[in-house]
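Work through the following exercises with the model in view. Each task is followed by a solution in steps.

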Amino acid sequence: MNFLFALFLALWPQPTEHLRHYTVYVDDSTLLPGQHEAIERAEKDWTDHISSLRFLPAASCEEATICIIGATDLPEPIAGVTQIERGRPGGFIQISVLLNLAFQVTATHEIGHAMGLEHGSEGSVMCRSLECASWTVTSADVDAWYAVRGWTRP
Ligand SMILES: [Zn+2]
């Protein structure tokens with residue numbers, strides 16, 4: 001089975017995917033034990049590679065820029081889904097990550113979508129399926145993060 005990552009953009013006029021600081025709410029009620037920590041490791045993987053990037057805790061899904069939810073009902077072969085709704089104050093990005101399946105790398109990948117990245121090359125964490133994706137953030141992913149913002153990588 002070749003599990004895929006999906007990205008859906010709702011076309012509203014307020015972009016949220018070019019920020020460097022994101023507020024994040026993790027819906028623990030939807031997660032299995034240990035998965036909150038896996039999400040924290042996924043965030044740390046990104047911030048370890050991008051010094052100006054911050055993930056700050058939000059008090060609720062409604063107040064968050066990024067809301068992360070564990071999902072059990074994604075249609076196979078989808079491992080994770082990122083939905084970006086533009087138009088709410090502050091923007092809103094909801095990430096659904098399939099429970100039990102390569103959870104951390106799926107979270108890392110979907111957080112990448114939440115920050116504006118599209119699918120990337122073979123061997124990058126943003127590659128389009130679990131079979132071609134790195135399990136950690138790579139230099140190509142960092143390049144893409146800066147490129148989508150129009151910034152020069154330091
Ligand atoms: Zn994807």
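**Exercise 1.** Is the crossing of α1 and α2 left-handed or right-handed? Describe also their packing and the residues that make it.

*Solution.* The model is predicted. In it, α1 and α2 cross in a right-handed sense. On the α1 side, the contact is made by Gln35, Ala38, Ile39, Arg41, Ala42, Glu43, Asp45 and Trp46, and on the α2 side by Phe103, Gln104, Ala107, Thr108 and Ile111. By type, these residues are seven nonpolar, three polar and three charged. Next, take the geometry: α1 spans residues 35-49 and α2 residues 103-114, and they pack at about 45° with axes 8 Å apart.

**Exercise 2.** Determine which residues of α3 are buried, and how they are placed around the axis.

*Solution.* Helix α3 covers residues 139-149, and its buried residues are Asp141, Ala144 and Trp145. They span an arc of only 105° around the axis, so they lie on the same side of α3. Helix α2 is included in what covers the buried residues of α3. After α3 comes glycine 150, with a positive phi near 75°.

**Exercise 3.** Which two residues does a cis peptide bond join, and where is the proline found?

*Solution.* The cis bond links glutamate 76 to proline 77, with omega about 5°. Proline 77 sits in the loop between β4 (66-71) and β5 (78-85). For comparison, most peptide bonds are trans.

Technical notes: Residues numbered from 1 in each chain as written. Predicted model: local features only at pLDDT ≥ 70, side-chain atom pairs only at ≥ 80, totals over all residues. Axes fitted to C-alpha atoms, helices over the stretch in contact; angles between N-to-C directions. Helix = DSSP H or I, 4+ residues; strand = E, 2+ residues; numbered from the N terminus. Left-handed = near helix turned anticlockwise from the far one by under 90°. Contact = placed C-beta atoms within 7 Å. Nonpolar A, V, L, I, M, F, W, Y, C, P; charged D, E, K, R; others polar. Buried ≥ 20, exposed ≤ 12 C-beta atoms within 10 Å, placed from the backbone. Arc of directions from axis to C-beta.
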